[in-house]
Amino acid sequence: MAEDKTPGKKPAKKAKARKKLDLDRRDIPKQPVEARVRNFDEVALGYSAETAIEEAKRCLVCKKPKCIGSCPVEIDITGFIECIAQGDFAEGVRILKEKNLLPAICGRVCPQEDQCEGVCALTKKKGEIAIGRLERFLADWEAEQPDIEIPVIPPPTGRRVAVVGGGPAGLTVAGDLIRQGHGVTIFEALHEMGGVLIYGIPEFRLPKRIVKREVDYLEKLGVEMVTDFVVGKTRTIDSMLEEYDAVFIGSGAGLPWFMDIPGENLNGVYSANEYLTRMNLMKGYKFPDSGTPIVKHKKVAVIGGGNVAMDCARTALRLGAESHIIYRRSREELPARLEEIENTEEEGVTFQFLTLPIRYIGNDNGWVEAMECLRMELGEPDQSGRRRPVPIEGSETIIPFDAIICAIGNSPNPLIAKTTPGLEIGRRGNIVTDEETGKTTKDRVWAGGDVATGAATVILAMGAGRKAARSIHEYLGSLPVKS
Amino acid sequence: MFKLIDNYMIVPNIHLLTVEAPNVAREARPGQFVIVRADNEGERIPLSLSDWDAEKGTVTMAVMNVGKTTSRLAELEAGTSMPTVVGPLGNPSEIDEFGSVLCVGGCYGIGSIYPIARALKEKNNKVFTVLEARSSYLMYWEEKLRGFSDKIIYISRDGTHGYRGHVNQLPDIIESLGVPIDRVIINGCTLLLKKASDATRPLGIKTIVSLNPIMIDGTGMCGVCRVTVGSKTRFACVDGPDFDAHEVDWDELLQRRKSYMSEEAKPLRTSGCEKRGCLTTQPVVR
Ligand SMILES: Cc1cc2nc3c(=O)[nH]c(=O)nc-3n(C[C@H](O)[C@H](O)[C@H](O)COP(=O)(O)OP(=O)(O)OC[C@H]3O[C@@H](n4cnc5c(N)ncnc54)[C@H](O)[C@@H]3O)c2cc1C
Ligand SMILES: Cc1cc2nc3c(=O)[nH]c(=O)nc-3n(C[C@H](O)[C@H](O)[C@H](O)COP(=O)(O)OP(=O)(O)OC[C@H]3O[C@@H](n4cnc5c(N)ncnc54)[C@H](O)[C@@H]3O)c2cc1C
Ligand code: SF4
Ligand code: SF4
Ligand code: FES
């Protein structure tokens with residue numbers, strides 16, 4: 001195939017393209033709907049090797065692949081797809097991992113339709129290449145191989161870096177720096193590593209063993225991991241700087257928003273974080289075998305339209321509730337991943353679009369029993385380019401619900417900002433960083449991921465981690481050699 | 001893993017847990033708390049720090065046995081370990097030269113009021129300490145507290161020690177002290193906090209309570225600990241746990257603490273504080 005890239009061989013390529021145009025994007029097998037709404041096992045089951053090869057062979061191997069430019073970490077997509085097509089999975093994994101430390105995770109949770117797949121030369125109509133599924137296939141294949149390769153690590157540089165937060169940003173920084181011979185310690189507030197991947201995204205979408213595997217791998221590389229350690233409380237950044245040459249802050253955007261409407265503190269009104277943490281981190285879905293109590297609700301309203309809202313609605317459904325998503329705009333504006341919107345619909349979650357809660361109503365015991373809402377219509381586009389929802393006068397309606405889950409967004413937790421003098425904080429509570437290097441306004445401190453951008457995506461957090469690691473490595477290299 | 005150095009029942013139903021947690025011990029301040037897990041599958045629960053030793057790297061908590069997790073904690077033997085002891089969390093209690101301060105502790109709060117009394121004394125305050133319990137045999141740490149109190153006053157439900165009654169006796173006690181009290185600080189179960197708050201409200205004395213809503217992470221991430229104070233929603237774990245007692249929406253707090261009551265009865269058939277009312281809890285008689 002290398003010849004295709006040399007000019008002057010056009011006829012051959014044309015012939016190939018004509019021969020190969022296969023418009024049938026291969027489906028990924030899923031657990032049947034009836035079964036999956038009753039369990040917490042993964043919904044999408046993954047390609048078989050045969051299907052993966054078929055799907056890979058559909059790729060046009062474009063000369064100027066747009067897909068690569070639209071992947072935030074610029075994975076050599078054509079490279080790894082060609083490897084799959086030729087059955088050389090090991091080489092495919094190697095190519096993937098050059099740019100993406102956590103392919104098993106990104107393959108599953110990236111919003112591909114807005115990124116790599118969204119610009120594929122085989123447009124939607126022609127069945128864009130299932131890049132994410134292929135990525136996942138390779139990563140899962142690797143996990144099944146008996147010996148995961150541990151790369152050769154250069155001799156220790158004697159330099160040490162503290163990483164705050166064990167989410168995708170922190171894990172990426174740790175992985176990149178340990179491979180350069182630096183000492184790395186991750187400090188994580190919760191009792192498990194993984195950030196949102198562990199406490200937020202449910203098992204049925206991202207099995208925890210996959211996250212665990214990546215974390216274990218980093219541990220094998222020599223990354224030290226300290227859980228149950230709240231930076232800013234257990235120890236301040238300034239005090240860590242005395243012991244470490246550099247600090248990376250990847251503490252995410254964990255502060256839940258509420259709408260500030262009457263009745264929000266009634267029993268049965270949860271933040272998405274509480275609901276999902278109880279279920280995922282604390283294994284609430286195994287209650288009473290696990291110690292985490294959860295209340296059996298009958299009819300649940302989830303407020304919001306992003307991935308978080310879908311995850312809550314599908315979790316509630318699996319716990320036996322009638323589950324509704326309440327979103328103030330229309331289906332078109334739903335910010336969640338397309339695949340998850342489809343899964344959510346298939347599973348029987350009811351969507352109430354153009355609806356805005358204005359008040360929760362409680363019973364005599366202080367439990368929520370209904371929601372008052374307004375119906376909306378779409379007006380002019382706002383700054384985000386999406387049409388702004390406008391309330392319809394006199395459209396107040398009361399709908400009974402015995403639980404409300406508020407999934408309208410999160411912002412960075414102010415704990416570190418408040419205890420770290422010299423860190424510039426933006427208007428939305430985010431740590432201000434240089435986009436290219438992740439440098440903060442404080443000497444020897446870097447930051448990246450949701451804490452810098454506000455709630456975003458796994459791949460962006462990883463991309464930011466990668467850039468910061470590069471910059472930290474450069475900085476450490478500029479220091480006098482330690483004996 | 002955090003090694004348990006010592007664990008014993010100091011009075012019926014209350015255990016004193018001493019754990020090796022050097023990072024917590026180093027930073028601990030009066031009024032702060034930790035979040036612990038008794039075992040790997042277990043819930044995360046908050047416990048106030050009753051004492052610590054930065055040199056030895058240990059922290060001590062007084063644990064009132066009310067449910068599944070606290071019972072598990074009570075069963076843990078010295079030498080074993082706990083998977084999670086994270087902290088110190090929350091804001092330290094405000095310690096200043098207030099003048100005369102009344103420190104009130106009930107159940108586990110007798111333990112957690114101790115470092116507060118100590119710090120206040122070190123700031124040259126006059127410290128009056130009130131211990132509240134159902135009966136004389138439920139009082140503990142009098143000796144420790146005496147070292148930092150100008151006077152210790154007792155209230156017992158059955159009148160076996162000091163005043164008979166409960167914290168509704170606070171106005172009488174304050175009057176009998178004969179000096180103006182500049183601040184009242186109360187630690188203990190929610191019902192005690194509320195009753196004490198009601199008792200000092202008419203006196204117009206600034207009253208600080210350490211609130212104890214349900215918590216999970218203790219870092220501001222889940223929002224389950226929200227309380228309404230001064231008609232604003234606050235997260236007790238990061239905005240508190242100390243708040244002005246007279247601004248707290250007590251009904252809401254008592255209500256929210258019951259969120260998991262019926263569910264929690266399932267794993268263990270003991271009731272929480274509020275079910276029987278903490279002030280009337282029957283102690284485990286050995
Ligand atoms: C329910 C849900 C579903 C999502 N679905 C998707 C999806 O499908 N696709 C996608 O791309 N993105 C999704 N996201 C977003 C994505 O998970 C985040 O953008 C990403 O995890 C951000 O990574 P991070 O490393 O910056 O932060 P996080 O993953 O938030 O990790 C931060 C870590 O830092 C720890 N921490 C915080 N403060 C401290 C402190 N003071 N000391 C020590 N540790 C601290 C936290 O406990 C946490 O473990 C979802 C998010 C949620 C909540
Ligand atoms: C800041 C703070 C400091 C505290 N300090 C102490 C202390 O020093 N000593 C002590 O004995 N107790 C303390 N508590 C209360 C203690 O956390 C609860 O008694 C404990 O969580 C009960 O757990 P359980 O599993 O044994 O009981 P459960 O059977 O789970 O519940 C019994 C009752 O305890 C309350 N509760 C349950 N889970 C939680 C939770 N995660 N957080 C808070 N309350 C809950 C509920 O009202 C419930 O009805 C403190 C609470 C807070 C918020
Ligand atoms: S990391 Fe995400 S955007 Fe990049 S190729 Fe993989 S699925 Fe696409
Ligand atoms: S744009 Fe689509 S067809 Fe072209 S190389 Fe990328 S995946 Fe293949
Ligand atoms: S305990 Fe989770 S926000 Fe306070």
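Colleague: Which residue forms a salt bridge with Arg118(B), and how far apart are the closest N and O atoms?

Modeller: That's Asp51(B), with the closest N and O atoms 3.2 Å apart. Bear in mind that this is a predicted model.

Colleague: Noted. How many salt bridges does the rule find across the interface of domain 1 and domain 2 of chain B?

Modeller: Two. There are also four residue pairs in polar contact between domain 1 of chain B and domain 2 of chain B, both residues being at pLDDT 80 or more.

Colleague: Where are the bounds of those two domains in chain B?

Modeller: Domain 1 of chain B covers 2–91 + 263–274, and domain 2 is 100–210. Their C-alpha centres lie 23 Å apart. On the contact itself, domain 1 of chain B puts in 16 residues and domain 2 of chain B 17 residues.

Colleague: How much area do they bury between them?

Modeller: About 1,400 Å², with 70% of it on carbon and sulfur atoms. On the domain 1 side of chain B, Val11(B), Ser50(B) and Asp51(B) lose the most area to domain 2, together 28% of what that side buries.

Colleague: Switching to the chains. How much area do chain B and chain A bury between them?

Modeller: About 3,400 Å², 53% of it on carbon and sulfur atoms. The contact takes 43 residues from chain B and 39 residues from chain A.

Colleague: Which element gives the largest share of the side of chain B that touches chain A?

Modeller: S8(B), with six residues. Other elements giving two or more residues to that side include helix H1 (22–27) and helix H8 (250–256) of chain B.

Colleague: Can we pick out one residue at that contact? Where is Thr234(A) placed?

Modeller: Thr234(A) is in the loop between strand S3 (224–226) and helix H12 (237–243) of chain A. Leaving aside neighbours within four places in sequence, Thr234(A) is in contact with Phe229(A) and, from chain B, Asn23(B), Arg26(B), Glu27(B), Gly87(B) and Pro88(B). A polar atom of the Thr234(A) side chain lies 2.9 Å from the backbone oxygen of Gly87(B).

Colleague: Why does Thr234(A) count as buried?

Modeller: Because the relative accessible area of Thr234(A) is 1%, and buried means under 20%.

Colleague: What about Thr190(B), is that one buried or exposed?

Modeller: Buried, with a relative accessible area of 0%. Thr190(B) sits in helix H6 (residues 190–200) of chain B. The Thr190(B) side chain makes polar contacts with the side chains of Asn212(B), at 2.6 Å, and Arg257(B), at 3.2 Å.

Colleague: Back to chain A. Which way do the residues of strand S14 point?

Modeller: In S14 (residues 403–406) of chain A, Ala403(A) and Ile405(A) point one way, while Ile404(A) and Cys406(A) point the other way, and all are buried. In a regular strand the side chains alternate between the two faces of the sheet.

Colleague: Which strands pair with S14(A), then?

Modeller: Strand S6 (residues 269–271) of chain A is joined to S14(A) by three bridges, running parallel, and Tyr270(A) stands opposite Ile405(A). Strand S7 (residues 299–303) of chain A also pairs with S14(A) in the parallel sense, over four bridges. There, Val300(A) stands opposite Ala403(A).

Colleague: And in chain B, what order do the five strands of the open sheet take?

Modeller: S5-S6-S2-S1-S7 in chain B, with antiparallel pairing. The edge strands are S5 and strand S7 (81–82) of chain B, each pairing on one side only. S2(B) and S6(B) are joined by seven bridges, and Thr18(B) has Thr60(B) in S6(B) as bridge partner.

Colleague: Last one: which residues of helix H15 in chain A are buried?

Modeller: Glu339(A), Glu340(A), Ile341(A), Asn343(A), Thr344(A) and Glu347(A), in a helix spanning residues 338–347. The elements that the buried residues of H15(A) pack against include helix H8 (131–144) and strand S9 (350–352) of chain A. Just after H15(A), Gly348(A) takes a positive phi of about 100°.

Notes:
Residues are numbered from 1 along each chain as its sequence is written. Chains are lettered from A and ligands numbered from 1 in the order in which they are written. Side-chain values use heavy atoms; hydrogens and water are left out. Buried means under 20% relative accessible area, exposed over 50%, partly exposed in between (1.4 Å probe, protein chains only). Two strands pair if DSSP finds at least two bridges between them. Domain bounds come from an automatic or database domain assignment. Contact means heavy atoms within 4.5 Å. Buried area is the accessible area (1.4 Å probe) that two parts lose on being put together, summed over both. A salt bridge is a side-chain nitrogen of Lys or Arg within 4 Å of a carboxyl oxygen of Asp or Glu. A polar contact is a pair of N or O atoms within 3.5 Å; within protein, one must be able to donate a hydrogen and the other to accept it, and residues adjacent in sequence count only if both atoms are side-chain atoms.
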